Amino acid sequence: MNPIKLLPIEVARQDSRFNLIDLLSKSLENNSIKLHDGDIICISSKFVALSEGRYVKLSEVEVSSSANEISEQYNIDSRLSELIIQESDRIFHGFDGFVLTFKDGILVPNAGIDTSNIMPGYAILYPVNSLLSAKTIKNEIKKLFNIDIGVIICLLYTSPRPRD
């Protein structure tokens, strides 16, 4: 049995929508990594969402009274609270800086929305359909390299900045 090897793939930072398959292909080449049948690629949900154009300028978010209530209760920016309401399938509860939500069949803080490592004043939403995104990536890699791989879209979550 072969041991599991983890190989990080360095990619250039992205600040707007981009072609994930092209970037992945170039990055594999630049990092001298060759994929094989049975390999598994793990990609952060934030990176997938950014490639899909799933980011929002916070100053353009209209805040509802419900968002203001969540903002006060859990010490979250009211614009982020509004996005959480819009993106969640269900909101359960929360604590300082977080709202526990149900999104795309998983329990996730703040509906998977993240404000870290993106242009200031923006938030990255969760992919529209992470299962479909993973299947699309898998199929595109198969066409490009003629290999069968697995794709995992990971939720790597960073605490949001509390309100100012």
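**A close look at the core**

Guide: Leaving aside the neighbours within four places in sequence, Ile-141 is in contact with Leu-24, Leu-35, Asn-146, Ile-147 and Ile-149. Please keep in mind that this is a predicted model, and that Ile-141 belongs to its largest nonpolar core, a set of 20 residues in which Ile-141, together with Leu-20, Ile-43 and Ile-137, is among those with the most contacts inside the core. The elements that give two or more residues to this core are helix 1 (20-30), strand 1 (40-44), helix 2 (45-51), helix 5 (130-145) and strand 7 (150-154), and of these helix 1 gives the most, with five residues. Apart from this core lies another one, of 13 residues, which includes Ile-70, Leu-83, Ile-84 and Val-99.

Ile-91 stands opposite Thr-101 in strand 4, and in the hairpin that the two strands form, with two residues between them, Gly-97 takes a positive phi near 90°. Strand 3 also holds Phe-92, which, along with Leu-100, Phe-102 and Leu-107, makes a nonpolar surface patch of about 350 Å². Phe-92 has a relative accessible area of 39%, and therefore counts as partly exposed, a term for values between the 20% limit for buried and the 50% limit for exposed.

Technical notes: Residues are numbered from 1 along each chain as its sequence is written. This is a predicted model: local features need pLDDT of at least 70, side-chain atom pairs count only at pLDDT 80 or more; totals for chains, interfaces and linings use all residues. Side-chain values use heavy atoms; hydrogens and water are left out. Two strands pair if DSSP finds at least two bridges between them. Helices (H or I, at least four residues) and strands (E, at least two) are DSSP runs, numbered from the N terminus. Patches are made of residues with over 30% relative accessible area and no salt bridge: like charges are joined within 9 Å, nonpolar side chains (Val, Leu, Ile, Met, Phe, Trp, Tyr) within 5 Å. Accessible areas come from the Shrake-Rupley method with a 1.4 Å probe; for residues, only the protein chains shown count as cover. A salt bridge is a side-chain nitrogen of Lys or Arg within 4 Å of a carboxyl oxygen of Asp or Glu. Buried means under 20% relative accessible area, exposed over 50%, partly exposed in between (1.4 Å probe, protein chains only). A nonpolar core is a set of buried Ala, Val, Leu, Ile, Met, Phe, Trp, Tyr and Cys residues joined through side-chain atoms within 4.5 Å. Contact means heavy atoms within 4.5 Å.
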